[in-house]
Amino acid sequence: MAAPDLTKTDPGIGADAADKHAEEDLAGLEAGLDALESYERERKPFSRVLLEKVLPPVIAILLVLAVWQIAYSMEVKPRYALPSPQDVWDAFMVQWKKGTVFDILWTSLSRGILGFLIAVAIGTPLGLIVARVSWIRAAIGPILSGLQSLPSVAWVPPAVIWFGLNNSAIYAVVLLGAVPSIANGLVAGIDQIPPLYLRAGRVLGARGLNSVWHVMLPASLPGYVAGLKQGWAFSWRSLMAAELIAAGPELGSGLGQLMDQGRDLGDMPMMLTAVFMILIVGIGIEMLVFTPVERLVLRQRGLATSK
Amino acid sequence: MTQTISEATPTATTPVETGFAVRLDQVTKVFGRGRGTPVLDGIDLTVAPGEFVCLLGASGCGKSTLLNLIADLDRPTSGTIEVSGDRPALMFQDHALFPWLTAGKNIELALKLRGVPRDRRRAEADELLELVRLGGAHKKRVHELSGGMRQRVALARALAQAGDLLLMDEPFAALDAITRDVLHDELTRIWAETGRSVVFVTHNVREAVRLAQRVVLMSSRPGRIAREWTIDIPQPRRIESTGVSELSVEITDQLRGEIRRHGRA
Ligand SMILES: Nc1ncnc2c1ncn2[C@@H]1O[C@H](COP(=O)(O)OP(=O)(O)O)[C@@H](O)[C@H]1O
Ligand SMILES: [Mg+2]
């Protein structure tokens, strides 16, 4: 063990009074140096955070509502095509009173989350392998990047034909949308690892799986989390596209179906209600889950910009 | 002070047994498919257990390459390297601490990879932090530490490894002079307390004379061992002292001579 072995002492360093003094001197000097170079980062007071972070988006939303209301009053579009904010709110309250809002939300959200988790389970090992095995990277790296830019809605018709109008088709579309993002995020994260960390890990004795677990994955975390965030956005988007296009009795009713139903009925407030709920879920998950995680990861590493 | 070549120093850290911490025999390294001039050519070097050796040479003479070979990060083109005991620890010029872990957890990871059971890691890590006088820094993030503190944590992490041999690749080169002086004192103290064998690489002649029992001067292209000095100025030395200065002047002249040869060639 590395505990001080006091039996081996250089004759140059004795324990007499003068040396003892020098020893204390050194400790004091070092404490002074440490103190001079350390600083406490001050935290912004809560009222400032409120002012700088919460107020601007609230103002922006109010502005949008105001412009919308004005456009409605001026009848820029006929009333059936451009309902007022109040009409949309009423349509939402109708759904609310029917007690179906949570069912609809949950149908979509649970699909989105489950699809995302499966995508993580597939995308993570895939990203690891692509990043570390050069011939696999040469073979499927470009395909993976290409898939990322393919709108996943393109997969809906083939998926319906392969799997039928059911959940399998929907999950297939979600996975094809999210897996490439997650895998590519991890590949980018691993590519950005400073080689020094890998070498330091090897010196400490981290090889094989140990190296992956203790060095490679944590070192690539910033890129990986960015990939996860994008993967969620792609999951949610693909899911909505799939729900909207593939409506069927087996599929239950999620947000996409609500929108489709609104279109069938020519009910614009209902459609807009669905649009806003889709938007709010997407933003909400990002703000409640991914933004905090991303900030935590960056802050731990001293990379967070003081935004 | 004596300037004999390869003569054992009469200090207490000289091994009683005729063992070695590391032994290099005709080590040669050629990059790029074995063609071109060798970076290292026929290096013979033995470091005794508990010995403190400084490898001195101009930039690009192959010092880092040599340490990488000893640390098994790379393989020699020919020749053999024997390290007695466990895998040697290596400290880089850049602290190379993992920024996703706290100072204490960095050390605990080294202990874990060495096989120390979980319930003992925390205490041993704290002990090592005490040794580098950073007792309260267990929970500190790497970015919250100053350059000198980072190198001390890196030293503690290196000491957490089981190996007796500590390789240091210009670990203080990026620090300011005041901090570097203090860390010289610390390293001397910790070396004496732990009895580790140290191979310390530097291009700073005074630093080498300040720290080492033996200074090994390397020539460049190909890297060979040009000369050795045994230094018996008692520790702790001061970098400003006349003894250190005088020998530094002599070694600097030799080093410059080595460098000049390349201008003529
Ligand atoms: N991986 C490598 N491939 C090719 N040449 C290298 C490599 N690493 C180092 N070298 C060369 O070997 C020589 C010695 O490098 P290095 O050991 O880093 O020198 P030092 O640490 O003494 O400054 C340099 O000329 C450098 O260009
Ligand atoms: Mg170097």
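Modeller: A residue counts as buried when its relative accessible area is under 20%, as exposed when it is over 50%, and as partly exposed in between. The model under discussion is predicted.

Colleague: What makes B:R214 and B:E51 a salt bridge?

Modeller: Their closest N and O atoms are 2.7 Å apart. The limit between an Arg side-chain nitrogen and a Glu carboxyl oxygen is 4 Å, so the pair qualifies. B:R214 belongs to strand β8 (residues 214-219) of chain B, while B:E51 sits in the loop between β2 (40-47) and β3 (52-56) of chain B, so the bridge ties together parts 163 residues apart in sequence.

Colleague: Why is the pair B:R133 and B:E186 said to tie together parts of chain B?

Modeller: Because B:R133 lies in the loop between α3 (118-131) and α4 (147-160) of chain B and B:E186 in helix α5 (residues 177-194) of chain B, the parts joined are 53 residues apart in sequence. The closest N and O atoms of B:R133 and B:E186 are 2.7 Å apart; the limit is 4 Å, so this is a salt bridge.

Colleague: Why are B:R133 and B:E186 put in their accessibility classes?

Modeller: B:R133 has 23% relative accessibility, so it counts as partly exposed. B:E186 has a relative accessible area of 2%, so it is buried. Both residues belong to one network of salt bridges with shared partners, together with A:E30, A:D34, B:R152, B:R189 and B:E193.

Colleague: How do you know that B:R152 and A:D34 meet in a salt bridge?

Modeller: The N to O distance between their side chains is 2.9 Å, and the limit is 4 Å, so the pair passes. Across the interface of chain A and chain B the rule finds three salt bridges, and over all chains of the whole structure 23.

Colleague: What else is in contact between chain A and chain B?

Modeller: On chain A 41 residues are in contact with 55 residues of chain B. The buried area is about 4300 Å², with 61% given by carbon and sulfur atoms. Seven residue pairs are in polar contact, both residues being at pLDDT 80 or more. On the side of chain A that touches chain B, the elements giving two or more residues are α1, α8, α9 (208-219) and α12 (268-300) of chain A. Of these, α1(A) gives the most, with eight residues. By class, that side has 20 nonpolar, nine polar and twelve charged residues.

Colleague: How far can the coordinates of chain A be read, and what pLDDT does chain A average?

Modeller: The average is 84, and 90% of the residues score at least 70. Over residues 1-15 of chain A, however, the pLDDT is below 50, and this stretch has 38 contacts in the model beyond near neighbours in sequence. Where pLDDT is low, predicted coordinates should not be read in detail.

Colleague: How many helices and strands does chain A have?

Modeller: Chain A has twelve helices and zero strands. Of its 307 residues, 39% count as buried.

Colleague: What separates A:E52 and A:R48 in helix α2 (residues 46-73) of chain A?

Modeller: They are four residues apart in that helix, which means about one helical turn. Their side chains meet in a salt bridge at 3.0 Å, N to O. A:E52 is at 38% relative accessibility, so it counts as partly exposed; A:R48, at 40%, is also partly exposed.

Colleague: What class does B:I251 get, buried or exposed?

Modeller: The relative accessibility of B:I251 is 0%, so it counts as buried. This residue lies in helix α7 (residues 242-264) of chain B. Not counting residues up to four places away in sequence, B:I251 touches B:L56, B:V205, B:V209, B:V215 and B:W229.

Technical notes:
Residues numbered from 1 in each chain as written. Chains lettered and ligands numbered in written order. Heavy atoms only, no water. pLDDT = per-residue confidence, 0-100. Contact = heavy atoms within 4.5 Å. Buried area = accessible area lost by both parts, 1.4 Å probe. Polar contact = N/O pair within 3.5 Å; in protein donor to acceptor, adjacent residues only side chain to side chain. Nonpolar A, V, L, I, M, F, W, Y, C, P; charged D, E, K, R; others polar. Buried < 20%, exposed > 50% of the residue type's maximum accessible area, 1.4 Å probe, protein only.
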